[in-house]
Amino acid sequence: MKTLMKLGLGLALSAAVFASPLQAQEYPAKEITVVVPFSAGGPTDTVARLVAQIMSEDLGKQVLVQNVGGAGGTLGAGQVAKASNDGYTLLLHHIGMATAPSLYKNLTFDSLEDFAPIGQITKVPMTIVARKDFEPADAAALWEHIKAEGENVTYAQAGIGSASHLCGTLLMNALGVKMTEVPYQGAGPAMTDIIGGQIDMICDQTTNTTNQIKAGEVKAYAVTTPERLEALPDLPTTKEAGLENVNVTVWHGLYAPAGTDPAIVARLQESLKKALQNETVVQRFADLGTAPVPQEDVSPESLQALVQEQIGVWKPILEPLAK
């Protein structure tokens, strides 16, 4: 009997030891869901859907995008942090992973401890745009208009912690004036109201503004990068327009819940790398004023280091706004 018990225990231990590699070899066996913590049609959603399509082809299973908006991206991120770590629920998030710890006192997740980073995706410039009939003719005139009108100027943002909120905060700090902020459940609906003329202006990612700028649906004033963009060569930088400290680039990364099998993380990293080398993805990113990160940055180590570094950068700026 004891011999049989020992044999049974040995088999059980062997099964436990070999289960993880076996599961990784069979991965994926079903659809994968990528949670985007913002509304459909926004800039992060655009990035996710481009990448998910190519990853689906590579992995042989559908990679679906699920939008879970609210609370500046923290609802969707919190959902993934508590999800099963079997590799079938992922998170595609932006700079909000690094700013949320400073903005929310009762955050339901730890950006560094509750996720298994997979890799960086892209770093997206931001543009300052307004309704097409907004009075200021150029960036210099816009700064003076904001200073003179203050809270009479309406500024759209996609919630506390969103990229548009962060950029707007830097802009108002640089000008020393407060505009009236109008929060939305995502950048997509905010842009709709800018185009419709209900709101004066927004600072948002090129993935959400480039097409509208080119189509003449909005008036563009500046780009928040040190150099001009190839996709929008006539648009001056904020530095050229006299606001050197308004310099924002929004990075995106892919994550799994903490504890995900390293072999599964490696398979997802491999697939993400392939997606970011795909000609269609590269061209679509270029059309939207951005580009995939270098291949060496599509790694867990690179993304984890970026999140940690960016938490330190944004902490002194955002802690006074914490709620």
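Nonpolar here covers Ala, Val, Leu, Ile, Met, Phe, Trp, Tyr, Cys and Pro; Asp, Glu, Lys and Arg are charged; the others, Gly among them, are polar.

Some ground rules. This is a predicted model: local features need pLDDT of at least 70, side-chain atom pairs count only at pLDDT 80 or more, and totals for chains, interfaces and linings use all residues. Residues are numbered from 1 along each chain as its sequence is written, and side-chain values use heavy atoms, without hydrogens or water.

A cavity is a set of points on a 1 Å grid over the protein atoms alone, where a 1.4 Å probe fits but cannot get out; lining residues have an atom within 4 Å of a point. Volume is the space filled by probe spheres set on the points, joined across faces, edges and corners. The count is 2 cavities of 30 Å³ or more.

Helix 2 gives the most, 4 residues. Helices are DSSP runs of H or I, at least four residues; strands are E, at least two; both are numbered from the N terminus.

Now the largest. It holds about 90 Å³. Its lining has 14 residues, with Phe38, Pro43, Ala158, Ala187 and Gln205 nearest the centre. They split into 5 nonpolar, 8 polar and 1 charged. Helix 2 (43–59), helix 6 (163–175) and strand 7 (201–205) each supply at least two.

Definitions and conventions. On a 1 Å grid over the protein atoms alone, a cavity is a set of points where a 1.4 Å probe fits but cannot get out, and a pocket is an open set with protein on both sides within 12 Å along at least five of seven lines; lining residues have an atom within 4 Å of a point.
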